[in-house]
Amino acid sequence: MVRLPYLTALTTLLSYGILFVFGHLRDFFRKIFDWSKSNNLQGYAPICLGYEDFYTRRLYLRIQDCFGRPISSAPDSWFDVVERYSNDNNKTLHRTEKTTKCLNLGSYNYLGFAAADEYCTPRVIESLKQYSVSTCSTRVDGGTTKLHTELEELVARFVGKPAAVLFGMGYVTNSAIIPALIGKGGLIISDSLNHNSIVNGARGSGATVRVFQHNNAPHLEEVLREQIAHGQPRTHRPWKKIIVIIEGIYSMEGELCKLPEIIAVCKKYKVYTYLDEAHSIGAVGQTGRGVCELLGVDTADIDIMMGTFTKSFGSCGGYIAASKEIIQHLKRTCPAHLYATSMSPPAVQQVISAMKVILGEDGTNRGAKKLAQIRENSNFFRSELQKMGFEVLGDNDSPIMPIMLYNPAKIPAFSRECLHQNVAIVTVAFPATPLLLARARICISAAHSREDLIKALEVISKVGDLVGIKYFPVEPVKPNKVEHLKKIE
Amino acid sequence: MALAMVNVTASVLDWVSSYFDAPTRAVVFGVPIDGHLVVEALLVVVILFQLTRKSYKPPKKPLTEKEIDELCDDWVPEPLTPQITEDMTYEPPTLESAAGPHAIVNGKEVVNFASANYLGLVGNEKITDSCVGALEKYGVGSCGPRGFYGTIDVHLDCEQKIAKFLGTPDSILYSYGISTIFSVIPAFCKKGDIIVADEGVHWAVQNGLYLSRSTVVYFKHNDMKSLENKLEEVTRRSKHPEKVRRYIVVEAIYQNSGQIAPLDEIVRLKEKYRFRIILDESHSFGVLGNSGRGLADHCGVPIEKIDIITAGMGNALATDGGFCTGSVRVVDHQRLSSSGYVFSASLPPYLASAAIAAVDYLEENPSVLSKLRTNIATLFNELSDVPGLVLASHILSPIVFLKLKKSTGTGKTDIDLLDSIAKQALEEDSVLIATTKRSSLDKCKLPIGLRLFVSASHSESDLLKAAASLKRVAALLIS
C-alpha cells in the first residue's frame, strides 16, 4: 500500500509539469530550426511519429546513464560495473575499459546460482560438450533431448503438478500459451498490475479482457458476478470460459498475492485460474516451492501454474505445469512449442542441477541453507529499512523491496550517489510504474552475506538523507540493537 | 343542460377576459402591469416547468442479487482443453547426443535432417571453447533485463560484431528467436498504419501483425504481381500518405514453403509506392550470398535500402536468440519501446559469445557456403523423382520442401500419411526428417509437407541415403 504524502504529490506533479513544458519548448525550437533544413524523407511518414517518443527524447535521455549499465562479470553479489562517459549531455554513452566493483542489489539472483556454482557448472560444461550449444530445431522436429524430458518430469515433481512443458523464454511462455487456452468468446480477468507478457498474451488471444483491482478478492467477486450475469458484450450470450490471471509476487510492489481468498472466489464461480510464479518459484516457501507452499494452498486447486527459470535458478526459460490433458493439448497447439527453437541444453542442465540442490538431492543441505539465508536476509533488510524511515513496500518473506522515491529528480540523484559509493541500485520510473510513483527496487539474494547487507544499509541511509526520501519518522534506535550490529561488524 | 354549459363557459370566459383587459392595477419599477402580462408570465412559468421535467423512459430494473446468484449457478463453463484422443499423444523422437549431421535417437545412430544446422556449427570446437570460457566467467543466466544490470559486455560486443558484419550502423539483440519479430513489428506499427504482408509468413510474424492493430493486407505467396496490385489498391485508398506509416513484411526464405523472396523486385516496388521493408532473415542469414550476409548480398541490393532486418540466430549460427538491425533511429527506438527487449531477461552470455564465435567462423571460412550450396543441389537433384511427392522449394533454399502431389482427401489424412512416412523413414532407414506441424492458431493456408534441413556438414553418402530412403518409403505408402 503506497501512502503518498500530499506535499510530495504536489512537488512531483510540479516537477513533471516543468519537465514537460521544457520538453515541449525544445521540440518547438527544434521544429523551427528543422524547417530551414531540407526534409529528406521524400514522401515517407517519419518512422517514429512526434509524440510517441516525447518521453524518451525529453525525459528519459536526461537520465539515461542510470539505466542499462553494462557489467563485465557474472551478476553475483559483487560484480564489475563498466564505467561510461558521454560527450553530448547523455544523448550517447560510450564504454570505457575501466570497471568498478559494486555491491549488486539489482539482479534477480535470489538463491545465488547466478555465478559459477560448484555443483552446477561442471555438469553444465559436460552437457555442453555432449549436446552442444543449441539443437537448432523445434521441440517437435528434432529438438527434444533426454535433458528436456528429464527436466519436465523434475519440474512437475518440484511444483506438485502431474505434468509440465518447457519453453525457451519466460516472456514467450505467457504470450504464446494464453492464446492457446482461450479465444474469442472467452473472458480473461487479470490483476491490474500484471506483467507486460500477460497483457500481450491476453491481447493476442482475442478474448475480452477485464481488470480487477490489485489483490482485491471482493472486487474480483464483484467483477465476476457482473460479467457472468451479463454475458458477452452486446450479444449477452454466456461466456465460453473465464480465466483469472494472477502473479505470485508482483515484481514492482514486492507483494505476495492474496492467494487463498482469490482461489476461494474462483472455485465458487467455477472459473479457471492461472498463476504466474516468475519471481516466487524457488525463492519463497519452506522448501522453495513458491507461494502455494508459503500460503498453504493446495496446488490441485490452481489449474495452470507458470514460472520462469531466470530468477531463482540462474538460467533462462519458462515452464507451464498443469494436468496431463492440458499439457498434451498445449504440446499440440502452442506455437512456442511447435515453431520456436528448443531450450539450449546447457541451460536445461543448469536448471536440473539447481533444482537438485534445492531439493537436497545432490547430497548436501546447501539448498535448505540458501532458502533459510534468503528468508533471513529479506526480513532483516526490510525491517532495518523501515526503521530508518524509508517507505518500503512489500510483504514479509518477499525478497523484492521497492523504496519509494516519487520525485523525478530523486531518481538519478539516488542512483548516481549510490554508484559513487559502490552500491548498484535499480531505479524504476514511468512507464513500468505509474507516473507519480517512481521507486528504487532492491532484490536480495542468498549470496549476500550479513556484512554486505550492513554496508548496503549504511550507504542507502546516507544517500537517503542526502536525497531526502525518508518520508516516515525514524524509529528510535534501542541500545541493545546497536550493540547487536556492532557485534556482527 | 347544454344551455347551462354554455352559460357557465360564457361566464368563465367573461371572467378571464375581464382580468385580461383589466386596467393597470399597479406600476412596478416603472413598468405598468396590465392584466395580460400576468397571464403571460404564468404561461412562461408553465413552459419552464415542463422543460425541466425528464422525458419519459420506462424504468430500467437492474438485476437483483438473487437473480445474479441464479445466473452464476446456472453457468457451465467449457472444459479448459478439448478431449484428448489417442492419436494426439504423439511423442517426438528424443535425441541422446548433439544435433549434428549424425545423431543418436533411441540408441541407434541416425542421419539428422531435422536440425537447421546449415553451416555445421553444432559441435564446433572453437565455439564450444568460447562457451566454456563464458560459462566459467559469467555463469549461465544473465539474471536481469537489459535495462537493470542485465547488459553484459558480450552483448554489446555481439551487437557491434553483427552490425559490422552486415554493414549496418547498429543492431540490437533479443533473447529468443521468435520473440524478435513479434516485438519489432508492434514497436513500429500502431493502429492506423498499413502493412502489406505475404500470406505465407510464419506464426510469429502473424502474431506481431495482430498485436500491432494496424490494417493488414495479405498478398499471394511470393507473387510479385499480386503484391503490386495490393500496393496500388492501398495507395489509392489511403487518405493521408504523409502521416501514415506503410510497411511491406516478407521473409527471405519462407519457413512454410522454402521459397525465396525476390528482393530486387520488392525494393523497386517499395521505392515506387513509398513503403518501408521489414525483412525476416532467420533462415537466410549465414546461408545466402557470397559471404553469407543474407538476401541483400544474394540479390545485389545495397543493405541501406532495407529498413528493418530481423533474424533468429537459432539456425545457421547454431546458438539461440535473435537480432534486429537497421539505421540508428530504428535500433534506438526499440531499446525503450520493444516489449520483448524491455520486459524480458537478456540473452544468456554464453549464447552471445557463441554467436560472436559463429560469425568469426563464417568470416574466416567462406568456403563452407559453397559446400552447403553443393549439398543442396545434390539433394535437390536426387529428390526430383520421388513417387507421390513433388519439390516445392526454391533450388537455393536450404529448407528442401516436399509436398504431396495429390491430396488424399482431408487435411487430417494428409498429415497422417506424412507422419507415417517420416516415422517409417526413421525406424527402418535411420533417417530423421521433419513434417510441417501447424498449430491451430496459425492462419497460414499453404500446403503442408516434409521438410529436410540441409547442412554443410552432411556428406554425400548422407544425402544419397536420405533420398533413397524417401523414395522407398513413399513408393510403399503413397498408392
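Two strands count as paired if DSSP finds at least two bridges between them. Strands (E, at least two residues) and helices (H or I, at least four) are DSSP runs, numbered from the N terminus.

Strand E2 (residues 94–104) of chain A pairs with E11(A) in the parallel sense, over two bridges.

## How to read the model

The model is predicted, so local features need pLDDT of at least 70 and side-chain atom pairs count only at pLDDT 80 or more, whereas totals for chains, interfaces and linings use all residues. Residues are numbered from 1 along each chain as its sequence is written, chains are lettered from A and ligands numbered from 1 in the order in which they are written, and side-chain values use heavy atoms, with hydrogens and water left out.

## A covered strand in chain A

Here "buried" means under 20% relative accessible area and "exposed" over 50%, with partly exposed in between (1.4 Å probe, protein chains only). Strand E9 (residues 318–322) of chain A is mostly covered, with five of its five residues buried. On one side are A:Gly318, A:Ile320 and A:Ala322, and on the other A:Tyr319 and A:Ala321.

E9(A) has antiparallel partners to trace. Five bridges join E3(A) to E9(A), and among these strands' residues A:Ala163 has A:Ala322 as its bridge partner. Strand E8 (residues 304–308) of chain A is joined to E9(A) by four bridges, also running antiparallel, and there A:Thr308 is the bridge partner of A:Gly318.

Strand E3 (residues 102–105) of chain B has a covered face, made of B:Ala103 and B:Val105, and an uncovered one, made of B:His102 and B:Ile104. E3(B) pairs in the antiparallel sense with strand E4 (residues 108–112) of chain B, over four bridges; B:Val105 stands opposite B:Lys108. Two residues lie between the strands of this hairpin, and B:Asn106 takes a positive phi near 55 degrees.

Elsewhere in chain B, B:Val205 lies in helix H7 (residues 203–212). B:Val205 counts as buried because its relative accessibility is 1%.

## Cavities

A cavity here is a set of points, on a 1 Å grid over the protein atoms alone, where a 1.4 Å probe fits but cannot get out; lining residues have an atom within 4 Å of a point. Grid points are joined across faces, edges and corners, and a volume is the space filled by probe spheres set on the points. There are seven cavities of 30 Å³ or more. The largest has a volume of about 370 Å³, and of its 33 lining residues the closest to the centre are A:Thr138, A:Tyr339, B:Gln255, B:His283 and B:Asn315. H6(B) gives the most to this lining, with four residues.

By residue class, the lining of the largest cavity divides into 12 nonpolar, 16 polar and five charged (Ala, Val, Leu, Ile, Met, Phe, Trp, Tyr, Cys and Pro count as nonpolar, Asp, Glu, Lys and Arg as charged, and the others, Gly among them, as polar). The second largest cavity has a volume of about 50 Å³. Its lining includes A:Arg139, A:Phe167, A:His337 and B:Tyr176, and divides into six nonpolar, four polar and one charged.

## Cysteines

A disulfide is a pair of cysteine sulfur atoms within 2.5 Å, and the structure holds zero of them over all chains. For A:Cys257, the nearest cysteine sulfur is that of A:Cys292, 8.4 Å away. A:Cys257 counts as buried because its relative accessibility is 2%. For B:Cys444, the nearest cysteine sulfur is that of A:Cys334, 18 Å away. B:Cys444, at 7% relative accessibility, also counts as buried.

## Record annotation

An unreviewed UniProt entry places a "transmembrane region" at residues 6–25 of chain A; UniProt positions follow the numbering used here, feature names are shortened, and annotations may be inferred rather than shown by experiment. In the model, residues 6–25 of chain A are 100% helix and 0% strand, with end C-alpha atoms 29 Å apart.

How values were computed: On a 1 Å grid over the protein atoms alone, a cavity is a set of points where a 1.4 Å probe fits but cannot get out, and a pocket is an open set with protein on both sides within 12 Å along at least five of seven lines; lining residues have an atom within 4 Å of a point.
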